[in-house]
Amino acid sequence: QVQLVESGGGLVQTGGSLRLSCAASGRILSSYSVGWFRQAPGKEREFVAAISWYSGGSTNYADSVKGRFTISRDNIKNTVYLQMNSLKPEDTAVYYCAARKSRTAPDPQDYDYWGQGTQVTVSS
């Protein structure tokens, strides 16, 4: 069992930055691939970024965030980060991290463990 806790959300102006953290307990996160997803009101949960399970593993990004967001992991701290730069109002959503015991995947249904989410609001 893996417990995930997100933090770092908040209110930021257009063009600003935030860094989200996904801290894990219960299992060593380095054994899992971790994805970030987001869900805006009235919309389905969508893929944002993912990082594979091994140290220095491959990363994947949604086209809408490429060049602006960076996912990384610190296996010593058992934490995955999402650095978000050049934020836009359309990035406003609840952001969730999720883990799975396999390679990364863009479908949220492929992930086994989820955090409770953290709100990101970008004002125009």
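This structure has four salt bridges, a salt bridge being a side-chain nitrogen of Lys or Arg within 4 Å of a carboxyl oxygen of Asp or Glu. The model is predicted, so local features need pLDDT of at least 70 and side-chain atom pairs count only at pLDDT 80 or more, while totals for chains, interfaces and linings use all residues. Residues are numbered from 1 along each chain as its sequence is written, and side-chain values use heavy atoms, with hydrogens and water left out.

Select Arg-38 and Asp-91. Their side chains form a salt bridge at 2.9 Å, N to O. Arg-38 is in strand E4 and Asp-91 in the loop between E8 and E9, so the pair ties together parts 53 residues apart in sequence. Strands here are DSSP runs of at least two residues, numbered from the N terminus.

Arg-68 counts as buried at 10% relative accessibility, and Asp-91 does at 1%; buried means under 20% relative accessible area, exposed over 50%, partly exposed in between (1.4 Å probe, protein chains only).

Next, select Trp-36, Leu-82, Met-84 and Tyr-95. These have the most contacts inside the largest nonpolar core, which has 35 residues. Such a core is a set of buried Ala, Val, Leu, Ile, Met, Phe, Trp, Tyr and Cys residues joined through side-chain atoms within 4.5 Å.

Finish at Lys-43, in the loop between strands E4 (33-39) and E5 (46-51). Lys-43 is exposed, with a relative accessible area of 58%.

Key: Helix = DSSP H or I, 4+ residues; strand = E, 2+ residues; numbered from the N terminus.
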